[in-house]
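Thanks for asking me to look at this one with you. Here are my notes, written for someone opening the structure for the first time.

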Amino acid sequence: MEEKLTRAKTYYKNGMASDALDILSEQLDEYPNDAASLELQGLILHSFQEYQLARQSIETAASIQELSPSAQLALADSYWFTEEQSLATKIFNQLSQCEKLPSHLLPAIAIGLGRAQSFHAAIEVCRRSVDSDPTGHQARYGVAFYMAKVGYPPEFVLAIMKGLVDIMPSVFHYRNAMATLLCQLNDPDRAFLAIADASFVELDTVTCPCCLERLTRLFDLGGDLRKSDYCQERAMIIRSDNQGGQFC
């Protein structure tokens, strides 16, 4: 019984998820109440975005024994994408309050909380992630992002973003976020300097027309008409494709 589960785990860890599912299917045909195999099956199905099937496997495992934090997170995520947002939000919040949570799960929990608009809880989870790994720049960005969502003054958020850009200057997304905050603080000159060296490839990563229109104005201000025209054209195309929907 343990041999097949061990093989499935090894296959999954080595990027052979489909083969792992085949082994688990054989295992569960023989031992349908093997909670560990059901849980792993659910985790793999979740990684394939097969949320309904993942939910069924993990729920069955939960009826047999207590789930691991990873499985609880996958179940919450699966609930979210199968129209059970209230159940998902409940689990995300429960996980956020667990003191002995594995640190590698914190970013995904913060994303789930943000999706559920539990922004204050998301901030705290991101802060815990930063504490566990001070080099984790994505968690630092999460703190700033969710602080902005709940209405912290732009100058408070800017202090975090400036530190983040100082340690990760190559990430255009962070420089663009800092430029947005500087615009909110009526400092367009510094905002332009934050994004002045953006490549066209980096500009292609911006999919929000409001952000592109802001970039258009900044490049106009800095005299870079090629990038200004490029951002304006992209904003028009995206608005047309999305029929003028709201993005920010």
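1. The protein chain has a mean pLDDT of 94, and 97% of its residues reach 70 or more. Among its elements, helix H4 (residues 51–62) has the highest mean pLDDT, 98, while helix H1 (residues 2–13) has the lowest, 91. One stretch calls for care: over residues 243–247, pLDDT stays under 50, and the model has 7 contacts beyond four places in sequence for them. Where pLDDT is low, the predicted coordinates should not be read in detail.

2. For the overall picture, the protein chain has 15 helices and 0 strands. Its C-alpha atoms fill a box of roughly 70 × 35 × 30 Å along the principal axes. Of the 248 residues in the chain, 43% are buried. If you take the contacts between residues at least 6 apart in sequence, 47% of them join residues at least 24 apart.

3. How do H11 and H12 run relative to each other? Helix H11 (residues 172–184) packs against helix H12 (residues 188–195) at an angle of about 175°, and their axes are 8 Å apart. An angle over 145 degrees counts as roughly antiparallel, and H11 and H12 are therefore roughly antiparallel to each other. On the H11 side, the residues that meet H12 are Phe 172, Arg 175, Asn 176, Met 178, Ala 179, Leu 182 and Cys 183; their partners in H12 are Arg 190, Ala 191, Ala 194 and Ile 195. By class, this contact has 8 nonpolar, 1 polar and 2 charged residues.

4. At 1.5 Å a residue, its 13 residues should span 18 Å, and its end C-alpha atoms are 18 Å apart, which agrees.

5. With a relative accessible area of 9%, Asn 176 is buried. Beyond its neighbours within four places in sequence, Asn 176 is in contact with Ile 195, Val 206 and Leu 215.

6. A few backbone angles deserve a glance. Most residues other than glycine have a negative phi. Just after H11, however, Asn 186 takes a positive phi of about 55°. Glu 83, in the loop between helix H5 (69–80) and helix H6 (85–96), has a positive phi near 65°. Gln 117, in the loop between helix H7 (106–115) and helix H8 (119–132), has a positive phi near 60°. Glu 83 counts as exposed at 61% relative accessibility, and Gln 117 counts as exposed at 61% too.

7. Finally, have a look at Tyr 152, which sits in the loop between H9 and H10. Is Tyr 152 exposed or only partly exposed? At 30% relative accessibility, Tyr 152 counts as partly exposed. Leaving aside neighbours within four places in sequence, Tyr 152 is in contact with Ile 123, Met 147 and Val 157. Tyr 152 and Asp 34 are 118 residues apart in sequence and 48 Å apart in space, C-alpha to C-alpha.

Terms used. Residues numbered from 1 in each chain as written. Predicted model: local features only at pLDDT ≥ 70, side-chain atom pairs only at ≥ 80, totals over all residues. Heavy atoms only, no water. pLDDT = per-residue confidence, 0-100. Helix = DSSP H or I, 4+ residues; strand = E, 2+ residues; numbered from the N terminus. Contact = heavy atoms within 4.5 Å. Axes fitted to C-alpha atoms, helices over the stretch in contact; angles between N-to-C directions. Parallel < 35°, antiparallel > 145°, perpendicular 65-115°, else oblique. Nonpolar A, V, L, I, M, F, W, Y, C, P; charged D, E, K, R; others polar. Expected span 1.5 Å × (residues − 1). Buried < 20%, exposed > 50% of the residue type's maximum accessible area, 1.4 Å probe, protein only.
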